[in-house]
Amino acid sequence: MSTQERWDVILKFVDGPLSYQGDIVMRGPVVRIGASPGPGGLKLEGYRGLDDRQAVITAYDGGSVTVAPVGVHQVRTAPHEHVEWNEVLPIRGPVYLSPGDAIHFGPPGRGGTCVFVRSERLGVWQQQRILSEAAAPTDQPAATDVKEIDAGGRFPWWIIPSMVGIGSIFTCSMGLLVFVVSQTQVTPIGPT
């Protein structure tokens, strides 16, 4: 019985809400992509013109990665993301991906575009992060800007002067309003 190692897929979106997340690591070997792909899939929330299950990305056999549309849904691939997606025909079956290839999910003008970054064995990115954290020297605790809270005082020192200032401004404006109203003369209507 042969054991098949798991490969994770790393994508980077170039437009839409997911473009702010940087590299997105997804658990392989099968990644479902769409508006509602189900558990373990990549949910493309905020993208227009996508079906619940738009495409499937698979990573098997030493990291070879393919993308395929689900049913008749539109998926386009190109060697880079700077193409006119109107001129690229949708794929009909699985297409192999190389690092740097662009994938567009949905019709042109809608949907989302991402770049296939690479595929990695299970846990490689976690292992690199753990090793880099362990290599960083941490003899001294890191400096922080957090200040201690003084629970002895009931309120800050600036509350009283600001309340006096607000009260004096209110009193002066009310006095001025009363003075202006009382000084106006109304001419009586009718014969004198």
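**Exercise 1.** Which residues of strand β7 (residues 75–78) are buried, and on which side does each lie?

*Solution.* Start with the ground rules. The model is predicted: local features need pLDDT of at least 70, side-chain atom pairs count only at pLDDT 80 or more, and totals for chains, interfaces and linings use all residues. Residues are numbered from 1 along each chain as its sequence is written, and side-chain values use heavy atoms, without hydrogens and water.

Strands are DSSP runs (E, at least two residues), numbered from the N terminus. Buried means under 20% relative accessible area (1.4 Å probe, protein chains only). Val75 and Thr77 are buried on one side of β7. Arg76 and Ala78 are buried on the other. Both faces are therefore covered.

Next, pairing: two strands pair if DSSP finds at least two bridges between them. β7 pairs with β9 (residues 102–105), antiparallel, over four bridges. Arg76 faces His104 of β9.

**Exercise 2.** Trace the contacts of Leu44.

*Solution.* Contact means heavy atoms within 4.5 Å. Skip residues up to four places away in sequence. Leu44 then touches Phe13, Leu18, Ile33, Gly34, Ala35, Leu50 and Phe105.

Definitions and conventions:
Buried < 20%, exposed > 50% of the residue type's maximum accessible area, 1.4 Å probe, protein only.
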